[in-house]
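Let's take a walk through this model together, one neighbourhood at a time. Here it is.

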Amino acid sequence: MRKSGILLPITSLPSRYGIGCFSKEAYDFVERLREAGQSYWQILPLGPTGYGDSPYQSFSTFAGNPYFIDPEDLIDRGYLTREDCDAYDFGDDWQNVDYEKIYFNRFALLREAYHNSNIGKDTDFCQFCKEKAHWLEDYALYMAVKESFENICWVEWDEDIKLRRPEAMEHYRNQLAEEIEFYQFQQYLFYTQWQRLKAYANQRGIKIIGDIPIYVAFDSADAWANPELFQFDKNCIPTAVAGCPPDAFSETGQLWGNPLYRWEYHKETGYEWWMKRLGACYELYDVVRIDHFRGFDEYYSIPYGAATAQNGTWKQGPGYDIFRVLQERLGDKEIIAEDLGFLTDSVIELVKRTGYPGMKILQFAFDSREESDYLPHNYTRNAVVYTGTHDNDTVLGWYEALCGADRELCDSYLNLIGCPKSNLHWEFIRAAMASVAYLAIIPMQDYLGLDSKARMNVPSTLGSNWKWRMGKREFTAKLAKEIRDMTRLYGRL
């Protein structure tokens, strides 16, 4: 069946506490999705973020971001009063997240709640810790030790704990017991609140599309707790790191710096860690979008310490084998393959063999130099079409920067000559919704007709990303009706 949905990160939800969270406004958004006839809510990765605030660089691939914990729930539980919550400064710009204020004040608020909770005697909390022990124990210890070392990366810790020697592990577990429980407390709240919100959405016919980065961050509990999974030397220093080669957008390529997998080892273990990782994803989401899907076919390996990505080489990934095991272990799961960028024949064949839908980005379609696979008339049904993603400008911002023959092609294809600026975004949305692709996902900024000020992320930059927030009264009943009408018109209701 043809369906559609909206892309809106949790951070971008309105709330009274400086950043989107699992609050009443999240439930209100679900209700608006239902009114608008939508079937999917796509979000960005939910993991705890570090320097740069990117959800694609997380301290754990299993843990949740404590920023998303709703303070109102803590009031209802009796852990805090409203006066406690209002005493903290989370920023006063409703359009943008102030991450510095969130970082210093959210954890202080949660710590106050923890001290008031007596959580260690809570049977639900104890059961949660037992069920999630396979990752939670390492994550909570990692964060507690990291804080004791003033938040430096684990590779700079004292050698005994860096290398996880048993006596050091025992020492820190005892010394930091309260801090460890504090991090477990955060995860208990995160998971409890998220599962409640997800169930609410599912009951109203809304599926959640989550996002999983192919790589984990080097500064993460995953890398520290499982060094055997990665291309590290005996001192846990990477021998090579991830990135992308030079292309038309970057003369020196992209140096991401994430550790690379030892795929031979993963294969020997039956991809056990990956199966646990993906299994955990399906506890959080209904559908998983796998970022940088081509890395399973071939991955770009850059020597550790290189200043740029220019001297990397392509290496063989696990290919179809990991998805064969996924099918055997977890059964049929809904996956979207992020197959953007330059694709080799082998990548195309891998996507085809898995049967997973790939992505079509409307903003990529209007290259006047050549016929594009991103033009809607070239789509197949087994695809997910977007006007843009979190890495793109809004369609309005993108269109305003478009010029020359590309602008002429876009105007001609979408019949934009004479189209008022106030209606431009709807013509892009119409093209996506009218396409043969079985699923159309539209960023909320495009439904709101916002310009570049609402852009979520500019890749390879720091300082101004991941900040945009939707106003409390922007997703109106009128807009929901307009979305529903177009959804019905193109058979996606």
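We begin at G331, which follows directly after helix α13 and has a positive phi of about 80°. This is a predicted model, in which local features need pLDDT of at least 70 and side-chain atom pairs count only at pLDDT 80 or more, while totals for chains, interfaces and linings use all residues. Residues are numbered from 1 along each chain as its sequence is written, and side-chain values use heavy atoms, with hydrogens and water left out.

Stepping back into α13 itself (residues 321-330), you will find D321, I322, F323, V325 and L326 buried, that is, under 20% relative accessible area with a 1.4 Å probe and protein chains only. Their cover includes α11, α12, β6, β9 and α14; contact here means heavy atoms within 4.5 Å. Helices (H or I, at least four residues) and strands (E, at least two) are DSSP runs, numbered from the N terminus.

Next comes an open sheet of four strands, ordered β5-β4-β7-β8 with antiparallel pairing; strands pair if DSSP finds at least two bridges between them. Because β5 (254-259) and β8 (313-316) are the edges and have a single partner strand each, one side of each lacks a neighbour in the sheet. Between β7 (residues 298-303) and β8 there are four bridges, and Y299 sits opposite K315 of β8.

Our last stop is D393, in the loop between β11 (383-386) and α15 (395-401). D393 is buried without a salt bridge, which would require a side-chain nitrogen of Lys or Arg within 4 Å of a carboxyl oxygen of Asp or Glu. The nearest side chain of opposite charge, R455, is 4.5 Å away; Lys and Arg count as positive and Asp and Glu as negative, with His and the chain ends not counted.

Note on methods:
Buried < 20%, exposed > 50% of the residue type's maximum accessible area, 1.4 Å probe, protein only.
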